[in-house]
Amino acid sequence: MKRRAQSSEDSLDTWVERVLRKDERALAQATDRVEGLIISVSRRSAIAETERGLRKVKLMGRPAVVGDSVTLAILSDEEAMVVEVAPRRTKLSRPDVDDADREQVIVANIDIVVIVVSVGTPPLHPRLIDRYLVAIQQGEAEPLIYVNKIDLLKAESELDVLNPYRNLGIPVITGSAKAPGVDVELLDALKGKMCAFVGHSGVGKSSIVNKLKPDAGLETGSVSEGYGRGTHTTTASSLHRLDDGTTLIDTPGIRSFGLRALEGAQITSYFPEFEQFDCKFNDCTHTHEPKCGVVAALESGDLEKVRYEAYCRLREELE
Ligand SMILES: Nc1nc2c(ncn2[C@@H]2O[C@H](COP(=O)(O)OP(=O)(O)O)[C@@H](O)[C@H]2O)c(=O)[nH]1
Ligand SMILES: [Mg+2]
Ligand SMILES: [Zn+2]
């Protein structure tokens, strides 16, 4: 009898199953448990800090991210496996690149998400800020906008696009990782908190972390000429502690940042300033309805145009 040729997909499934079974066996044999904090995650491996030192961690189908508190099964002096990930106090996540219905958590248990943007190259993208703000609110962390590369600023007016965020009460700090001396304003704003640095590649996230924590030794990259885009120098997330109790987390750059699925009504809750305006209809989408208080406020100047536009863009994308 002829053997049926296996499709490559079949053999891949079999292989994955075999690897998982082997991991499950190893896990069943390892009875020694220890609590840990994930301090670094790259595509291939993770590192956890435990009371028994640093351990290389096999994630084993239990995705853990930097900032996660985990229970580990000790496999050897170097290696451990994640048995359980503790519930996350806060998180920053986005839809999985391959499957928009799946959530991809970027970092966990952070207090502040520092959205790093830069003047010059890459240029300021208010649209990316809007998307981050929604995701940060969903994940229950606090936002802070850091405008880096202020040394490249040609005119003060370049910073006007940030006024709507300032008016919303979101802290906006400007500075430069290239300037001498530490950025006292930034340090004060982050003091004692768990902080993740996010934003486009090339805006200077790793440079800022290096400056605040010189022995972090993070690699920094060049911004490719022409496109003004950063190359992906940082491929891992990593956690660094300052002496004053502040924790900094560097994350890889991203080119786009999706949002987890949102209901139309939920979007509105991410624009809290809309609530003060009365609309004729309770379920007003503030787009085409008559007697819409939001549109009226926009026309009278009581509502920032940039915010209304951000709202409309998000609605379009999420519908
Ligand atoms: N002119 C200027 N360049 C900066 C500043 N901060 C970072 N850079 C440069 O921008 C490039 C990207 O920095 P990097 O920290 O790797 O960005 P990341 O991808 O966000 O981590 C590097 O060439 C840095 O030297 C700054 O404040 N001013
Ligand atoms: Mg980097
Ligand atoms: Zn309305």
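Student: Where is Asn109 found?
Tutor: In the loop between strand E7 (103-108) and strand E8 (112-118). Helices (H or I, at least four residues) and strands (E, at least two) are DSSP runs, numbered from the N terminus. This is a predicted model: local features need pLDDT of at least 70, side-chain atom pairs count only at pLDDT 80 or more, and totals for chains, interfaces and linings use all residues. Residues are numbered from 1 along each chain as its sequence is written.

Student: What is phi of Asn109 near?
Tutor: Near 60°, a positive value in a residue other than glycine.

Student: Why does Asn109 count as buried?
Tutor: Because Asn109 has 22 C-beta neighbours inside 10 Å. Buried takes 20 or more other C-beta atoms within 10 Å of a residue's own, exposed takes 12 or fewer, and partly exposed is in between; C-beta atoms are placed from the backbone.

Student: And Glu140, where does that lie?
Tutor: In the loop between helix H2 (126-138) and strand E9 (142-148). Glu140 has a positive phi of about 65° too, and is not a glycine. Glu140 counts as partly exposed, because 13 C-beta neighbours lie inside 10 Å.

Student: New topic. How many residues has the largest nonpolar core?
Tutor: The count is 64. Such a core is a set of buried Ala, Val, Leu, Ile, Met, Phe, Trp, Tyr and Cys residues joined through C-beta atoms within 7 Å. Ile110 is among those with the most contacts inside this core.

Student: What is Ile110 in contact with?
Tutor: Leaving aside neighbours within four places in sequence, its partners include Leu92, Met194 and Ile249. Contact means C-beta atoms, placed from the backbone, within 7 Å.

Technical notes. Chains are lettered from A and ligands numbered from 1 in the order in which they are written. Two residues are in contact if their C-beta atoms, placed from the backbone, lie within 7 Å.
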